[in-house]
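Let's take a walk through this structure together, one stop after another. Keep the picture beside you as you read.

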Amino acid sequence: MNKLEWKRIVIKVGSALIAPHGKGCSSQYLISIAQFIMSCRAQGIEVVLVSSGSVAAGSHLFPDELQQTIPIKKAMAAAGQAEMMATWDKLFDFSTAQMLLTRCDLRDRERYVSVRETIFTLLEHDVLPIINENDTIVTDKLKVGDNDNLSAIVAAAADADALIICSDINGLYNKNPNKHDDAVLIPNISEINADIFAMADGATSAVGTGGMITKVEAAQKATLHGIDTYIINGFTGSSFTKLLNGENPGTHFSSDPSPMKEHLHWMTHTSTAQGEVIVEDDFTAKLDAHSEQLTSDDLVEVKGEFAVGDTILVRRNDGTKLAKAKSNYSSCLLNFITNQEDKNFASDFQEQTGPIISDKNVALLEAP
Ligand SMILES: Nc1ncnc2c1ncn2[C@@H]1O[C@H](COP(=O)(O)OP(=O)(O)O)[C@@H](O)[C@H]1O
Ligand SMILES: N[C@@H](CCC(=O)OP(=O)(O)O)C(=O)O
């Protein structure tokens with residue numbers, strides 16, 4: 001889908017663009033991005049902005065020697081978030097809105113739907129959503145961790161047509177161009193596989209978090225949802241001019257021609273498994289929309305603690321991940337059933353209570 005057909009886009013801006021000197025925000029490189037956003041809106045294209053920069057904006061408030069602890073980084077984010085928002089807001093003649101998210105908000109289906117509703121309501125009223133991870137409260141368990149992946153999750157939640165990831169490099173090269181003089185830019189990628197991931201290294205900018213690995217991860221999430229994804233150089237204004245002309249200024253990851261259904265994409269790429277059920281190695285019943293085939297007789301082990309409605313991982317005893325699914329049973333009840341001597345009790349109970357895995361809420365995982 002080229003620019004002229006876009007109805008809604010998500011654009012992600014990294015710390016290096018909004019805090020190029022690593023200490024406080026600067027609009028130096030944001031003006032061309034703001035202009036691009038205004039041009040898109042003028043053409044009826046709805047825009048959602050995912051912006052990093054809160055930690056970098058707040059870092060100058062804390063002594064350098066304290067910079068790397070998690071509590072300090074959370075405090076920096078709390079202090080810098082307002083500056084980051086103000087830096088963007090003064091560039092626009094329309095309203096902006098702050099949305100701070102964590103993995104917790106996105107992996108919980110009810111909260112995820114609420115996030116979608118807020119994005120759509122803001123867009124309906126011409127307000128620019130500016131989304132960042134809520135670094136002030138995240139823990140390792142609760143965070144997305146990088147705004148590249150966050151931008152892909154947001155693009156899926158917003159049903160965007162395109163995701164534009166602004167980087168400090170022209171796009172994905174066949175190897176890290178900052179380490180290899182003979183690296184070559186790859187303009188078009190139709191399939192993201194292990195070879196593509198092998199090209200990407202981690203972050204190299206002083207303030208960046210994700211590097212190219214998280215950008216390829218984000219592109220994979222987004223393209224599987226039917227979202228065209230671009231990695232472009234956000235430091236050069238011509239990148240945006242080209243996009244507005246329907247050209248590809250960097251690396252274009254083509255959207256999957258047969259995208260995943262929304263709730264299965266969410267189950268696969270956004271929800272996190274709260275526990276696991278281990279099935280026999282020879283488990284052959286196909287896990288699909290008719291998921292009643294998984295019974296307690298198939299279970300070898302129940303791992304972790306989960307409640308009714310939580311996402312669980314279905315894993316074969318040999319370690320193969322088969323599917324992620326919404327569980328109708330708590331781990332406590334599943335353990336009780338599977339430990340019953342009387343197998344009739346287990347089957348009678350499931351006959352009355354229903355399938356272990358909710359019908360249609362089974363996301364099959366690709367075999368490695
Ligand atoms: N194969 C690759 N192609 C392009 N850049 C790569 C590649 N592998 C690693 N990189 C590095 O990733 C960096 C971009 O990611 P990052 O440092 O997080 O900055 P930002 O998020 O601002 O784009 C590039 O500057 C480059 O040094
Ligand atoms: N949420 C963090 C940004 C994390 C992040 O992914 O940063 P970057 O790699 O610069 O896009 C912040 O606002 O500083």
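Start at Ser52, whose contacts beyond its sequence neighbours are Lys12, Val13, Gly14, Ser15, Ile18, Met84, Asn132 and Asn147. Please keep in mind that this is a predicted model. Ser52 sits in a loop, with strand S2 (46-51) on one side and helix H3 (54-58) on the other. Is Ser52 buried or exposed? Its relative accessible area is 9%, and because buried means under 20%, Ser52 counts as buried.

Asn147 belongs to helix H7, which covers residues 147-157. Asn147 is buried too, at 9% relative accessibility. Away from its sequence neighbours, Asn147 is in contact with Lys12, Val50, Ser51, Ser52, Asn132 and Glu133. The side chains of Asn147 and Ser52 also make a polar contact, at 2.9 Å.

There is a record to set beside this pair. In an unreviewed entry, UniProt lists Ser52, Asp135 and Asn147 under "binding site". These residues span 96 residues in sequence, yet no two of their C-alpha atoms are more than 10.9 Å apart, so they gather at one spot.

Now follow H7 itself. How many of the eleven residues of H7 are buried? Eleven of the eleven are, so the helix is largely enclosed by the rest of the structure. Among the buried residues of H7 are Leu150, Ile153 and Val154, along with Asp148 and Asn149. The N-terminal end of H7 is capped by Asp146, which has a side-chain oxygen 3.0 Å from the backbone nitrogen of Asp148. Just after H7 comes Asp159, with a positive phi of about 50 degrees.

Thr214 is found in helix H9, and at 10% relative accessibility Thr214 is buried. Met212 also has its place in H9, which covers residues 211-224. With a relative accessibility of 13%, Met212 counts as buried.

You have met Lys12 already, as a contact of Ser52 and of Asn147.

For another view of a helix, turn to H6. This helix has 16 residues, 109-124, and reaches 22 Å from its first C-alpha to its last, close to the 22 Å expected at 1.5 Å a residue. Which residues of H6 are buried? They are Tyr112, Val115, Arg116, Ile119, Leu122 and Leu123. Seen down the axis of H6, these buried residues fall within an arc of 130 degrees, so they line one face of the helix.

At the start, a side-chain oxygen of Asp108 comes to within 3.0 Å of the backbone nitrogen of Glu110. After H6 comes Asp126, with a positive phi near 60 degrees.

Let's step back to the whole protein. It is divided into domain 1, residues 3-265, and domain 2, residues 273-364. Taken over C-alpha atoms, the centres of domain 1 and domain 2 are separated by 36 Å.

Our last stops have higher residue numbers. Ser327 is part of strand S12, which covers residues 321-327. At 0% relative accessibility, Ser327 is buried. What is Ser327 in contact with, leaving aside its neighbours within four places in sequence? Its contacts are Phe306, Ala307, Val308, Gly309, Asp310, Ile312 and Ile356.

The C-alpha atoms of Leu333 and Val308 are separated by 9.5 Å, while the two residues are 25 residues apart along the chain. Leu333 is found in helix H12, residues 331-338. Where Ser327 is buried, Leu333 counts as partly exposed, at 27% relative accessibility.

Key. Residues are numbered from 1 along each chain as its sequence is written. Chains are lettered from A and ligands numbered from 1 in the order in which they are written. This is a predicted model: local features need pLDDT of at least 70, side-chain atom pairs count only at pLDDT 80 or more; totals for chains, interfaces and linings use all residues. Side-chain values use heavy atoms; hydrogens and water are left out. Helices (H or I, at least four residues) and strands (E, at least two) are DSSP runs, numbered from the N terminus. Buried means under 20% relative accessible area, exposed over 50%, partly exposed in between (1.4 Å probe, protein chains only). Contact means heavy atoms within 4.5 Å. UniProt positions are given in the numbering used here, feature names are shortened, and annotations may be inferred rather than shown by experiment. A polar contact is a pair of N or O atoms within 3.5 Å; within protein, one must be able to donate a hydrogen and the other to accept it, and residues adjacent in sequence count only if both atoms are side-chain atoms. The expected span of a helix is 1.5 Å times one less than its number of residues. The arc is that of the directions from the helix axis to the C-beta atoms. Domain bounds come from an automatic or database domain assignment.
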